[in-house]
Amino acid sequence: MITGELKSKVDRIWDTMWSGGISNPLSVIEQLTYLLFIKRLDELHTLKERKAARTGTPVEEPVFTAEQDHLRWSRFKETAPEIMFATVRDEVFPFIKSLGRNGNGSSNGNGNGNGNGNGGDGDPDDSTYTNHMKDAIFMMPAPRVLANVVDQLDSIDMVDSDTKGDLYEYMLGKIASAGQNGQFRTPRHIIKLMVEMTAPTPKDVICDPACGTAGFLIAASEHLVKHHSDVVYKDEISRRRFNEGTFHGYDFDSTMLRIGSMNMLLHGVENPDIRYRDSLAQTDDDEAEKYSLILANPPFAGSLDYESTAKDLQQIVKTKKTELLFMALFLRLLQSGGRAAVIVPDGVLFGSSNAHKSLRKMLVEDQKLDAVISMPSGVFKPYAGVSTAILFFTKTNSGGTDSVWFYDMQSDGFSLDDKRSPQQDKSDLPDILTRWQDLRADGTAEAERPRTAKSFLVPKDEIAGNDYDLSINRYKEVEYEEVEYDPPGVILERLATLEAEIAEGRKELEGLLG
């Protein structure tokens with residue numbers, strides 16, 4: 001989360017574009033994303049040049065050829081506004097739109113180039129990124145606006161991936177429509193917790209059916225590179241699997257798909273399967289039981305018409321509620337043995353409708369419900385104050401729930417008001433991860449914890465006896481401190497003394513007034 005000087009810089013850039021005539025917040029973000037992408041390409045090319053200088057070898061797979069040198073950020077930023085505007089509009093922008101096309105290899109954070117891949121409905125030689133970028137439009141209104149924004153962006157050091165992520169999250173938070181249709185940007189530290197708890201491996205096929213800007217997929221890719229780089233980059237087959245076969249995301253917002261594709265490319269995933277799809281309305285037999293890990297925070301927009309919902313989802317749970325339909329979708333997409341970590345509104349945990357109860361029963365009795373982490377309502381502020389939880393479950397189709405692990409998160413490391421100020425000393429996230437790993441390794445310590453603790457286990461039979469209610473307050477015991485009060489006689493004597501003092505003071509005041 002960004003604060004202080006960096007926040008002020010982003011606000012100034014935003015104001016520059018707004019006053020320049022780009023009034024749609026999503027368009028502002030999209031245009032800034034293009035410029036950040038162009039800046040990052042130049043940084044990657046510079047890294048390759050430095051490596052070549054150290055080793056005394058030619059630059060491997062350069063981002064820019066010698067003829068394209070003037071397209072680099074570090075070159076055109078020094079030119080006059082009119083020249084810069086013409087260069088970016090007529091040459092740089094077409095260049096980034098063509099990245100990923102066969103014969104024009106895209107570059108990423110690991111310096112690998114890739115020009116192949118199936119982008120979906122377009123040219124089979126185009127990557128997913130290229131197909132999404134076909135509809136991209138350069139919207140900078142005037143040379144002075146572009147020059148001003150380039151100058152301001154150039155002053156922001158974004159070598160640190162955390163800074164890039166924080167900047168992105170802050171920009172997305174400025175979208176006026178954030179929160180409409182149930183769409184809330186997931187805080188990056190919550191995403192990281194979910195990824196670390198599910199611990200993706202190179203064998204996983206990972207999906208986010210409501211991927212937005214691909215935050216979950218990026219975090220999963222970073223986890224794989226950090227913990228399994230020897231396997232991910234072992235050989236050409238492994239690299240191709242990582243770049244093209246591991247990450248899958250759907251969304252029905254084409255702008256978000258473009259931003260997500262660029263985001264993935266910048267984070268070292270060359271050709272992920274990110275495509276347009278209305279997850280609840282479309283059914284595809286090829287997608288059933290395809291994925292081994294689902295990470296998601298889907299939009300919860302209320303209710304849909306039965307006619308606009310995929311029939312196979314209605315067969316799993318008969319409902320119009322989007323939160324329950326997405327849960328049915330997750331079960332449909334997961335292969336046997338596949339696991340999921342998903343954010344749900346609290347209503348899923350205790351809703352009293354038949355659909356709510358049948359879905360919870362399905363998770364507990366037919367699948368393996370692993371954990372319920374209750375989050376405080378301020379986690380999604382300033383977008384909304386909704387209360388949410390993270391569900392962890394494994395698809396088995398044969399049961400397997402012996403007990404469910406509950407954790408009562410009190411703090412995520414930030415204040416729970418609209419300011420969301422850092423409070424890392426109060427964060428429960430490290431404790432959640434430590435206890436979860438202990439539970440997976442042995443479980444003895446968690447099994448012995450009392451119901452008054454932050455985390456504890458609840459047997460399946462007890463959950464079933466409570467109509468499959470999964471709200472933590474149903475099972476948590478609260479310790480009340482015993483407070484000792486003085487005897488009534490002593491309290492009355494103290495009151496009499498106070499009354500006498502008040503009466504005496506009143507007499508003195510009356511005497512002073514004559």
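Predicted model: local features only at pLDDT ≥ 70, side-chain atom pairs only at ≥ 80, totals over all residues.
Residues are numbered from 1 along each chain as its sequence is written, and side-chain values use heavy atoms, with hydrogens and water left out.

H2 passes H6 in a right-handed crossing, whereas H2 passes H11 in a left-handed one; left-handed means that the near helix is turned anticlockwise from the far one by less than a right angle, and right-handed that it is turned clockwise. Leu32, Leu35, Leu36 and Lys39 in H2 meet Leu146, Val149, Leu153 and Asp154 in H6, contact being heavy atoms within 4.5 Å. The axes of H2 and H11 come within 10 Å and cross at roughly 20°, and these two helices are therefore roughly parallel to each other.

The largest nonpolar core has 48 residues, and those with the most contacts inside it are Phe37, Ile96, Met140, Leu146 and Val149. Such a core is a set of buried Ala, Val, Leu, Ile, Met, Phe, Trp, Tyr and Cys residues joined through side-chain atoms within 4.5 Å. Among the elements that give two or more residues to this core are helix H2 (25-55), helix H6 (143-154) and helix H11 (254-266), and H2 gives the most, with 10 residues. Apart from neighbours within four places in sequence, valine 149 is in contact with Ile13, Thr16, Met17, Leu32, Leu35 and Met140. A second, separate core of 44 residues includes Val317, Val372, Val458 and Tyr468.

Aspartate 428 lies in the loop between strand E10 (403-408) and helix H16 (429-441), and is buried, with a relative accessible area of 4%; buried means under 20% relative accessible area, with a 1.4 Å probe and protein chains only. The side chain of aspartate 428 makes a polar contact with the side chain of lysine 454 (2.4 Å).

Key
Buried < 20%, exposed > 50% of the residue type's maximum accessible area, 1.4 Å probe, protein only. Helix = DSSP H or I, 4+ residues; strand = E, 2+ residues; numbered from the N terminus. Polar contact = N/O pair within 3.5 Å; in protein donor to acceptor, adjacent residues only side chain to side chain. Axes fitted to C-alpha atoms, helices over the stretch in contact; angles between N-to-C directions. Parallel < 35°, antiparallel > 145°, perpendicular 65-115°, else oblique.
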